[in-house]
Amino acid sequence: MSADDFDAGMGRIEELVQRAETECAKDSLPLVRDLVRALLDVHRIGLGELIAALETGGTSGAPELVRIVRSRPAVASLLAMHDLHPESVEARVQRALREANDVAGGRAEASLVRADGADVVVSVSGSGQSAELLVKTAERLVCEYAPDATLHVEKHFEPDPRANAAPNLVPLSRLRAGAGGAR
Amino acid sequence: MMSHDTGRAVSALRNFARRPEPESRCDLCNAPVAESHAHLYEPEPRRIACACIACSFLFPEGTAGRYRSLHSRATRAAGVELVEDDFRALEIPVRLAFLAPSDVHARVFATYPTSHGATESVVPRAAWDALAERTALSVAPDAEGLLIDYLGGRTRCFVASLDVCYRFVGLLRAGGAARGTAFASAMRFLDGLGGLDGGGHG
């Protein structure tokens, strides 16, 4: 299965989840949810055993797992889905924020306030469009690095200095006065 | 790093699996109702509706109208003994069934499990009348049903309010490989009916 196949499969799952939530009858949705939970549970158990075998298989087990998840997005997403990712949510969110800050180029800044398990609070400071853009970039990157995180963003925005600046227009009266003086 | 779309799908699946079921609501006024709540019956579409206390008082049991309040109950019909000929006359191919007489539809409906899940049919009126007369059976039309367990050749019957009967039918919905599990669930349900008398059931 290629990475594209995997992404397509995940897209299909997202679509089916949305349909189940909107189209399932009230009395059948709990059954669908139970089925999904049961499927995820058996996968979690199997993957957990696989990871345990990797970690006890040799001293390079854990670092090797980190290398695998960093080079194989499909594995990373499955492990994140089951809370089995070898890197903590906090570490992955920090990585996402570093990348987001690089994109912002110093015009705004995102920083981790706290990570309580999967609950992550991020502060974004800056002004105007740069800060807004950084929020979107951070949300996107956190979703990619840590889809198992629940992100809360605290916005500390300053007014955009350009928003209140006087427009670069010369009043008509001054233009007329200037024109008269030249005559 | 996974793609943003895949990350979003992972998040959606996790949230779906972890989300608690939404609280039950009154089908009439949409007010939240407790897990244990009243039910109304709509005879025309033969449907059960969840109801808050206020709405359930609007439609007393035994009155005609679109909705009828149901008082959850199940009573062992100790005097009802069935024989194989009864099932032939009622045209029911299995020995676990729910029969519901309806004045609104002028019929007696039967629901029973098949390999495709729960199946419904209309039983011959004469067979139902003969059974009721022979066993002195009293089942209120459009309010009660008769739950029949004749598995193993011994009779166990309950006269139960329709909300109880529909919960029984819900257990029989599974077909195919899950049919055995559905049977076991239905039998356990009947085992637990002995002590049921009054009170709401979600």
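Guide: Let's start with a rule: two residues are in contact if their C-beta atoms, placed from the backbone, lie within 7 Å. This is a predicted model, where local features need pLDDT of at least 70, side-chain atom pairs count only at pLDDT 80 or more, and totals for chains, interfaces and linings use all residues. Residues are numbered from 1 along each chain as its sequence is written, while chains are lettered from A and ligands numbered from 1 in the order in which they are written.

Visitor: Among contacts in chain A between residues at least 6 apart in sequence, what share joins residues at least 24 apart?

Guide: That share is 59%.

Visitor: And how do I read two packed helices?

Guide: You describe them by the angle between their axes and the distance between the axes. Here, helix α4 of chain A (residues 73-81) packs with helix α1 of chain B (residues 4-18) at an angle of about 20°, the axes being 10 Å apart. Angles under 35 degrees count as roughly parallel, so α4(A) and α1(B) are roughly parallel to each other.

Visitor: Which residues of α4(A) and α1(B) make the contact?

Guide: From α4(A) come A:Pro73, A:Ser77, A:Ala80 and A:Met81, and from α1(B) come B:Thr6, B:Gly7, B:Val10, B:Leu13 and B:Arg14.

Visitor: How many residues of chain B are in contact with chain A?

Guide: 17 residues of chain B touch 23 residues of chain A.

Visitor: How many helices and strands does chain A have?

Guide: Chain A has eight helices and three strands, counted as DSSP runs numbered from the N terminus (helices are H or I, at least four residues; strands are E, at least two).

Terms used: Axes are lines fitted to C-alpha atoms, for helices over the stretch in contact, and angles run from 0 to 180 degrees between N-to-C directions. Angles under 35 degrees count as roughly parallel, over 145 as roughly antiparallel, 65 to 115 as roughly perpendicular and the rest as oblique.
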